[in-house]
Amino acid sequence: MEIRGALTLRKRQVLIFFVLLGLSETGPESVRYSVAEEKEIGSFVANLARDLGLGVEELSSREARIVSDDNEKHLHLNLLTGDLLLSERLDREELCGSTEPCVLHFQVLLQNPLKFFLVELHIRDINDHSPTFLDKEILLKISESTTLGTKFLMESAQDLDIGSNSLQNYTISPNSHFSIKVQDSGDGEIYPELVLDRMLDHEKEPEVRLTLVALDGGSPPRSGTTSVLIEVLDVNDNAPEFPQKLYEVQVLEDTAIGSWIITTSAKDLDAGNYGKISYIFFHASEDIRKTFEINSTSGEVRLRSSLDFEVIQSYTINIQATDGGGLSEKCTLLIKVLDVNDNAPEVTMSSITNRVPENSPQTLVAVFSIRDQDSGDNGRMVCSIQDDLPFILKPTLKNFFTLVTEKALDREMRDKYSITITVTDMGTPRLKTEHNITVLVSDVNDNAPAFTQTSYTLFIPENNSPAMHMGSVSATDRDAGVNSQVTYSLLQPQDPSLPLDSLVSINADNGHLFALRALDFEALQAFEFLVGATDRGSPALSSQALVRVQVLDANDNAPFVLYPLQNGSAPCTELVPRAAEPGYLVSKVVAVDSDSGQNAWLSYQLLKATEPGLFSVWAHNGEVRTARLLSERDAAKHRLLLLVKDNGEPPLSASVTLHVLLVDGFSQPYLPLPEAAADTAQTDPLTVYLVIALASVSSLFLFSVLAFIAVRLCRRGRSGLVDGCSVPEGHFPGHLVDVSGTGTLSQSYQYEVCLMGGMGTDEFKFLQPIIPSLPAHDTGRNVEENENCRNSSGFNVQYKV
């Protein structure tokens, strides 16, 4: 008992030394706690928030969490109170075995910013295990000649508790031959020895039965018992001997079950039964007996179960050799387990963010730790990710790493990344572990809508129906979600006179453009406006495009005849001398068409005539000419119905009536065509002489007619009929015709049309506009300033349109 007390005192001194040493090495980032084993789940350990100098709100906002080295959830952190609680019952013997002190290492992980606190939890032992003997009965064979004081080794008991709760003493049941003595093995373990106090007598007592009791130091103490059977043998004076006291062997941890390890062999000089040796494991723990087995006859040691270097690195086995006479000897077998790279690295994720906003560099994606249960090069690890990714790994505390973005991400270039974290050890062969993380890049509104074209040209026929679909504009946005939803709108035109809101509307959702009313090519040929496209991001981004609308002409305007006038007044009569040659220019129909292009191309044709075949009209310029020579038998008055037709689809037309009066003695208004005259002079000189003679005879008559006409014209001019064409049968109207209200001409124009005579040709000349849009009181004044008639060299007719 004195030896046991000294041992206990020595253990306590060592324990106090290690505690003081640990406290001296604890830095500001390390916290230590202590808790007894087998406490109820949810038991209070400590207030972690107070000990770390943090507020409860800060623990919650920084997402505090507990990360243990063995990845087991022994503890729970209450973020509402900052209390550290037990998540399970802690069994010190299961967690640490015989290791003292029993310490669980874990870390407190805080984010935003990232920080670690090292925490140690010491588990105090309680007396929850009784000493136990592995053998229910111990057999000893003792010779009767054994001298007094001889000591016999006994199987020791096993107690999983440590310290004062561990095995402290042995006792034996009362008897007359033996006493018990406790010995220290030198490594902190005690074992019993049976001491012979009184000589044995095989003849009187061939066997002795005793009870061995093992006691621990708990309060109250626990005990365990086993039976001891002693067979009293005849004399045997030679004990077995081993060639060496210590055997050492190295075994790979992946050695197959049943493999031979070593053979221990002892020799005994005795003969017969006293020389037969049997081998057993002496003072062997349960782990040793489960892992190895020994052949009791040959001493051959073989592997019984798999080895694991990460659990146990070496085994110390005591082997006892006993001869037939009960004498024994022991040796020690030291088996060292060699590590094999049989454990792949492990990756434990502590924190992970699956969505990372674009345009945000150095964003924390994940926090994780790695470990390898192998040792040496087999336990050294290299952590890496793919080279072509915009992410980097940063080592932090111990084996912890953080995965952060290396630069700003662009979702439009790539919206998802598959990151493979690869951890490879340095063993042979190399083992690796891969952990995949999928990171989605969340969108930021950094792209404005883009139109498919910078400008659009739309063609729409005039006279369209209201709400007609003119065309569409389209814009796309490379962003996603609401940031890519585009809304279209019309922008205010730079020209304030353009009533855009009454012309065009746009569908805000799809960009369809609609005409709000019918368009008139003659009033508006083309117009431009800007269309905007705005996304729904915050802040919203926009762009614009130019839209040009070209109104296409439709054949919706019939030709309008400028000359001869068709205003319901007295018709204008053209005078044609009877001496006119074929091709003589009688008049020229002047017409315009407000349309454009081929819709405004005009053609002329003669629909009806008083005497068919006498007159013809040129289809392209509207000139009315005589088709043959006039004769006395031809009627003096002729009425020609002319048709003016455009080239539209369908074609539109207008008709005009032309009155022609054949007169005799009219002064030479006709000048033959140059080629025709030359041919006539060359081929028929007699005709020329006849014409000259006829002109001489009729000159007096013609002079009289012209004088009469001049007098009539002058009288009508004085009576207010100005600029009319005076003829025997009627007169031309002298008022102006204003066509500005037709919608095809923007203002009124005055044209002067002159039919010239005396120069050998008859033609219409269109002069420049004379005072456009004159007021009513100015029109009369300008009319009076124009000449009324010219009789000597021809006549001048003025039309105001």
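**Figure 1. Cys96 and Cys102 form a disulfide in this predicted model, with their sulfur atoms 1.9 Å apart.** A disulfide is a covalent bond between the sulfur atoms of two cysteines. The model, which is predicted rather than determined by experiment, has a count of one disulfide. The torsion about the S-S bond of Cys96 and Cys102 is about 65°, and the disulfide is therefore right-handed. Cys96 is buried, and Cys102 is buried as well. Two further cysteines may be looked up in the structure: Cys331 is buried, with a relative accessible area of 1%, and Cys383, at 17% relative accessibility, also counts as buried, because the cut-off for a buried residue is under 20%.

**Figure 2. Glu38 and Arg89 meet through their side chains in a salt bridge, with a distance of 3.9 Å from N to O.** Glu38 lies in the loop between strand E1 (30-36) and strand E2 (44-47), while Arg89 lies in the loop between strand E5 (83-86) and helix H4 (92-96), so the pair ties together parts that are 51 residues apart in sequence. Glu38 counts as partly exposed at 27% relative accessibility, and Arg89 counts as partly exposed at 42%. A network of salt bridges links Glu38, Glu40 and Arg89. Side chains of opposite charge can pair when their charged atoms come close, and in this model the count comes to 24 salt bridges.

**Figure 3. Arg92 and Asp125 form a salt bridge between their side chains, at 3.3 Å from N to O.** Arg92 belongs to helix H4, whereas Asp125 is found in the loop between strand E7 (115-124) and strand E8 (137-143), so this pair ties together parts that are 33 residues apart in sequence. Are these two residues buried or exposed? Both Arg92 and Asp125 are buried.

**Figure 4. The side chains of Glu329 and Lys245 meet in a salt bridge of 2.4 Å, N to O.** The pair links distant parts of the chain, with Glu329 in strand E21 (residues 328-338) and Lys245 in the loop between strand E14 (223-233) and strand E15 (246-252), 84 residues apart. Glu329 counts as partly exposed at 25% relative accessibility, whereas Lys245 counts as exposed at 51%.

**Figure 5. Phe116 and Phe400 form one of the nine aromatic pairs counted in the model.** Their ring centres are 4.9 Å apart and their planes stand at 55°, so the pair is tilted. Phe116 lies in strand E7 and Phe400 in strand E27 (residues 400-405), so the pair ties together parts that are 284 residues apart in sequence. Both Phe116 and Phe400 are buried.

**Figure 6. Phe391 and Tyr417 form an edge-to-face aromatic pair, 5.4 Å from centre to centre and with 80° between the planes.** Phe391 is in strand E26 (residues 391-395) and Tyr417 is in strand E28 (residues 416-425), so this pair ties together parts that are 26 residues apart in sequence. Phe391 and Tyr417 are both buried. In another part of the view series, Phe451, Tyr456 and Tyr488 form one aromatic cluster.

Methods:
Residues numbered from 1 in each chain as written. Predicted model: local features only at pLDDT ≥ 70, side-chain atom pairs only at ≥ 80, totals over all residues. Heavy atoms only, no water. Salt bridge = Lys/Arg side-chain N within 4 Å of Asp/Glu carboxyl O. Helix = DSSP H or I, 4+ residues; strand = E, 2+ residues; numbered from the N terminus. Buried < 20%, exposed > 50% of the residue type's maximum accessible area, 1.4 Å probe, protein only. Disulfide = S-S within 2.5 Å. Phe/Tyr/Trp six-rings, centres within 6.5 Å; stacked < 30°, edge-to-face > 60°.
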